[in-house]
Amino acid sequence: DTVFKLKYCWCRYKPEVGDIVVGRVIEVAPKRWRIDINFSQDAVLMLSSMNLPDGIQRRRTAVDELNMRSIFEENDVVCAEVRGFHHDGLQLQARSQKYGKLERGQLLSIPPYLVKRRKQHFHYIEEYGIDLILGCNGFIWVGEHAEPKDDMVIDEQANKSDQILKPSKYSMTLEEQERAYTPLETRQNVCRTANAIRVLSTLGFSVTIEIIMDTVTMSMSLKEIHEMLGSEFCVLVAEREAERRSSAKKKG
Amino acid sequence: MEYVSPEGLRIDGRRPMEMRKLHAEMGVVAKADGSAVFVMGNTKVIAAVYGPREVQNRSQQMSDQALVRCEYSMANFSTGDRMRKGKGDRRSTEISLVVRQTMEACILTHLMPRSQIDIYVQVLQADGGTRCACINAATLALADAAIPMRDLVTSCSAGYLNSTPLLDLNYVEDSAGGPDVTVGILPKMDKVTLLQMDSKLPIDTFDNVMQLAIEGCKAVATYIREVLLENTKQLEYHRGV
């Protein structure tokens, strides 16, 4: 049989064990969450593969099952690692502090083949104060920097809040709202980085941290951030990539 | 009515064994995983493919292969008189089924278990041979979505009017009431996946007409390969290969 395949321009993600992926929660099901990760099926995150808010390692009880929504709800963006393929589909795990719910940022969707598998997928850009997660499935998270929560801190918070579950945006006090406020500059940096990724993906160039930062630096000369999505900036980015490729050829 | 003049010209000036002009484009629907527009003369068809994705209806999920769904519809403005409803009628349901079976035969469904592939085909301009244009457009859209297939599926129709086999009938020739043979083949593997006929034909004439349609399919396949090659070259430039 002559097989007709176009593997390299596959629009869907091809999972491998150990990949970092970013996804959106579609459904809260008994003892698991179903997450959309741009694969041919929905991925499954078991309750047992997720750290509980109080940080204690224990068996999940029926109460935990009823409180699943306090951890993740529908349409939340989460970061996890691919655990493997099991009988009912792809399974994820989020047992480390660096995984979990992502807040205060943007989720971008680009073709998965533009994201190369590297050693590091989590990037903290100190000068801009933003977090960048390059999911291997083509979902990219750009957001305000969030410190990975310590177990000790979680214990204290759990003691304080007692019966009350996570504060939703409607029930936050003025103080909490002030703390949750993201400064304008950070938000602008998030937008710049997100637009840089959008331009690179429209042009079909590989998206790596070096190229993204280079593009963001290039964009600092523009007056408005939204000009980054215009055709002139697109041409600049393409020229820069051509320079990069020709200098890489000369070296190699 | 005379469909083939004494000089051997058809109503639109073509020779009996001449196909209509072909044109195709890929990647026309941004939101879809794969899409294509296929034009055969005045017949224009757009196809969009979504998938493989999670099966919407759990009861239909197959644990060892992908579920292929197809929907054929005609735009209100596609025919001479504005149509009231483009899908849900018997003809559309029949063609949806036909396209689904043809494409399912060539997609390697066992590589994508528990998932669903949706093929939506819509006729933008109808001038005969919409079924064939749909299958050709679906092939291109599936290739654009990078869904693994055994081979391309190409389709073409042929008829028999005024004692002459005619290739690629248009609407006027089709409505003449003569036989209309639609053939769908896998060109490289030289296998027939679709064979439909309206009206009656004696068996030896049928042989000739079917052979003519198969030749037409092979010509479509050559054109489709060119389009795919051009499209792949574009991708190569982007990736810097």
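Analyst: Lys218(B) counts as partly exposed, at 31% relative accessibility. On this scale buried means under 20% relative accessible area, exposed over 50% and partly exposed in between, with a 1.4 Å probe and protein chains only. The model is predicted, so local features need pLDDT of at least 70 and side-chain atom pairs count only at pLDDT 80 or more, while totals for chains, interfaces and linings use all residues. Residues are numbered from 1 along each chain as its sequence is written, chains are lettered from A and ligands numbered from 1 in the order in which they are written, and side-chain values use heavy atoms, with hydrogens and water left out.

The partner of Lys218(B) is Asp190(B), in a salt bridge of 3.8 Å, N to O; the term needs a side-chain nitrogen of Lys or Arg within 4 Å of a carboxyl oxygen of Asp or Glu. Asp190(B) sits in the loop between E8 and E9 of chain B and Lys218(B) in helix H4 of chain B, so the bridge ties together parts 28 residues apart in sequence. Helices (H or I, at least four residues) and strands (E, at least two) are DSSP runs numbered from the N terminus. Asp190(B) is exposed, with a relative accessible area of 53%.

Over all chains, the count comes to 28 salt bridges. Arg10(B) and Glu173(B) form one of them, at 3.0 Å, N to O. Arg10(B) lies in the segment before strand E1 (22-26) of chain B and Glu173(B) in helix H3 (residues 171-174) of chain B, so this pair ties together parts 163 residues apart in sequence. Both ends are buried: Arg10(B) has a relative accessible area of 4% and Glu173(B) of 1%. Glu54(B) and Arg58(B) also meet in a salt bridge (3.2 Å, N to O). Glu54(B) counts as buried at 13% relative accessibility, whereas Arg58(B) counts as partly exposed at 42%.

A nonpolar core is a set of buried Ala, Val, Leu, Ile, Met, Phe, Trp, Tyr and Cys residues joined through side-chain atoms within 4.5 Å. In the largest core, of 62 residues, those that touch the most other members are Phe38(B), Met103(B), Ile107(B), Ile119(B), Leu140(B) and Leu142(B). H4 of chain B gives the most to this core, with 12 residues. Ile119(B) has contacts (heavy atoms within 4.5 Å) that include Val68(B), Met103(B), Ala138(B) and Leu142(B), not counting residues up to four places away in sequence.

Ser92(B), Ile95(B), Ser96(B), Val98(B), Val99(B), Thr102(B), Met103(B) and Cys106(B) are the buried residues of H1(B). They cover an arc of only 165° around the axis, which puts them on the same side of H1(B); the arc is that of the directions from the helix axis to the C-beta atoms. Their cover includes strand E8 (180-186) and strand E9 (191-198) of chain B, and the loop between E8 and E9 holds Asp190(B).
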